[in-house]
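Hello,

Here is the structure I promised to hand over. Please open it first, then read my notes below.

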Amino acid sequence: MTGRVFETREFTLHDGPGVRTTVFMKGCPLRCAWCHNPEGQSFEIETMIRKNGDKTLCGRDWTAHALADELLKNADMMAQSGGGVTFSGGEPLAQPDFLREIVSLLKESGVHGAIETSGYAPAVVYRDIIPRFDFVYQDVKLLDAAAFRRWTGGSLSVVLENIAYLRGCGVPFAFRVPLIPGVNDDAASRAAFAAFADGCKVEYLPYNTAAGAKYPLLGRAYPMGAIT
Ligand code: SF4
């Protein structure tokens, strides 16, 4: 069993409790126009080429055991800080078999596991994988079906069905809303997010002004253009 990962970032502080390692998994079924990890969208291994010619390979295949061994090198630090490992991406649920295995290996070692997901996955996958985690960051990007389709390329109903499950499954979670200027930061959208949260925890993420920086390195244009 191998999984494809484009980055493992150690000592992260904003992806769950304590000090963590965040694993960025390759591949995503959505194409959010503001995505700040474009190298995580394709399932293929890609090369980023900087202006000075330096190249960075985006994507590496790991066996679950090899990645678990790598992550567990920081197990002491994680335990001392109440931290753990967070899976992000890309969309981690797009590699469900690998995710199931790696989470199980980490759990055997007592490591706290979190996932950050768009929720854009078949319900059968979501319901199988989500309860294996200790904490879930569930993206809420847009609540209007036409706008969701326009800006992400996907169907909102898939996400809403999975969120309905999340609300009742007993796993602690928080909604994460990336506030994108001109897309979902207006008063009506913010009121809709608050009503949708219905008392659950919501983290609003500011627009990442560096979001477009990686696109030219991949030979692509940033879909959002210039945003202040
Ligand atoms: S769901 Fe996340 S990784 Fe996928 S395209 Fe959207 S922002 Fe990028």
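Gln80 sits in helix 2, which covers residues 75–81. Keep in mind that this is a predicted model. Is Gln80 buried or exposed? Gln80 counts as exposed, because 10 C-beta neighbours lie inside 10 Å, and the cut-off for exposed is 12 or fewer. Arg50 is 30 residues away from Gln80 along the chain. The C-alpha atoms of Gln80 and Arg50 are separated by 38 Å.

Next, the ligand. Which residues surround the ligand? They are Cys28, Leu30, Arg31, Cys32, Cys35, Asn37, Gly40, Gln41, Gly89, Gly90, Glu91 and Ser118. Sorted by class, this shell has 6 polar, 4 nonpolar and 2 charged residues.

Now helix 3, residues 96–108. Its 13 residues should span 18 Å at 1.5 Å a residue. The end C-alpha atoms of helix 3 are 18 Å apart, so the model agrees with that expectation. Five names to look for here: Phe98, Leu99, Ile102, Val103 and Leu106 are buried in helix 3. These residues lie on the same side of helix 3, because they cover an arc of only 120° around the axis. What do the buried residues of helix 3 pack against? Two of the partners are helices: helix 1 (64–71) and helix 4 (123–129). The others are strand 1 (2–12), strand 6 (84–89) and strand 7 (112–117). Just after helix 3 comes Gly110, with a positive phi of about 75°.

Helix 5 runs over residues 145–152. Phe148, Trp151 and Thr152 are buried in helix 5. Seen down the axis, these buried residues fall within an arc of 85°, so they line one face of helix 5. Ala146 and Arg150 are on the other side of helix 5, and they are exposed. Helix 6 (156–169) is included in what covers the buried residues of helix 5.

Last, strand 8, residues 135–139. How many of its 5 residues are buried? The count is 4, so strand 8 is mostly covered, with buried meaning 20 or more other C-beta atoms within 10 Å. Strand 7 and strand 8 run parallel, joined by 4 bridges. Look for Glu116 there: its bridge partner in strand 8 is Tyr137.

Over to you.

Best wishes

Terms used
Residues numbered from 1 in each chain as written. Predicted model: local features only at pLDDT ≥ 70, side-chain atom pairs only at ≥ 80, totals over all residues. Near = placed C-beta within 6 Å. Nonpolar A, V, L, I, M, F, W, Y, C, P; charged D, E, K, R; others polar. Expected span 1.5 Å × (residues − 1). Arc of directions from axis to C-beta. Contact = placed C-beta atoms within 7 Å. Pairing = 2+ DSSP bridges.
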